[in-house]
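Here's a quick briefing to read alongside the coordinates. Have a look at the fold first, then come back for the details.

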Amino acid sequence: MGNSALKAHLETAQKTGVFQLTGKGLTEFPEELQKLTSNLRTIDLSNNKIELLSPLIGKFSLLKSLVLNNNKLTALPEELCRLKKLETLHLNGNHLRQLPAAFGQLSALKTLNLSGNQLRTVPTQLCGLRHLDVVDLSKNQIQNVPDSVGELQAIELNLNQNQISQISVQISHCPRLKVLRLEENCLELSMLPQSILSDSQISLLAVEGNLFEIKKLRELEGYDKYMERFTATKKKFA
């Protein structure tokens, strides 16, 4: 991509606060963006070949949305965690195995998409984030859901297409969790905590494609209580 084209993108971004440069074969974060640290509210560099996110990212103090889907990121810099206004972070289709230790400092984060990475567990850093609405961890390599998940504030948690065979009973203590997606995992019915049905806020539980027949779920104690929540929620949105 020529300098003049990049220059045009930068000029537009200066006016709009949005820098979007997708599918251009970029291998690194454009250094030229430094000039716009106090302008940008949105950066979208999806469908490129970026392997490292520059520590410069920490300087974009007004950034609300960062979209880096389908790149080649294997790690994220700690500096990312300085973005106190960041509300949306899309990192689908990368090679991430973990999140930075300070990830819990992204205090404004509402939407986090990490589908199609190489995570092996639900990152404990997510549990400190008070405004999380949606967390998508589908298509990773997660095998179990740890006790710390009980602190998660999300409304929707998507764990479809992982390798989950164990779930902590603490998941039923999530204060705001309404939607739990566990489709296409390795769950036996006996490994699904019954408290999800009998004693949680969850009103949509998606468990198709595991190691049990859905009709067996209906025989579990607490299923009636779950159905009451499910029906009440449906009415609300009808």
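What follows covers the sheet, one serine and the cysteines. Keep in mind that this is a predicted model.

- Zooming in on one pair, S4 (residues 88-90) and S5 (residues 111-113) run parallel and are joined by 3 bridges.
- In that pair, Leu89 stands opposite Leu112 of S5.

**Around Ser200**
- You'll find Ser200 in the loop that links helix H2 (195-198) to strand S11 (204-206).
- Ser200 has a relative accessible area of 10%, so it counts as buried.
- A polar atom of the Ser200 side chain lies 3.1 Å from the backbone nitrogen of Ile202.
- Setting aside neighbours within four places in sequence, Ser200 is in contact with Ser172, Ser195 and Arg229.

**Cysteines**
- How many disulfides does the structure hold? The count is 0.
- Take Cys81: its closest cysteine sulfur is in Cys127, and at 15 Å that is too far for a bond, given that a disulfide needs the two sulfur atoms within 2.5 Å.
- Cys81 is also buried, at 1% relative accessible area.
- Cys186, at 32% relative accessibility, counts as partly exposed.

Conventions. Residues numbered from 1 in each chain as written. Predicted model: local features only at pLDDT ≥ 70, side-chain atom pairs only at ≥ 80, totals over all residues. Heavy atoms only, no water. Helix = DSSP H or I, 4+ residues; strand = E, 2+ residues; numbered from the N terminus. Buried < 20%, exposed > 50% of the residue type's maximum accessible area, 1.4 Å probe, protein only. Polar contact = N/O pair within 3.5 Å; in protein donor to acceptor, adjacent residues only side chain to side chain. Contact = heavy atoms within 4.5 Å. Pairing = 2+ DSSP bridges.
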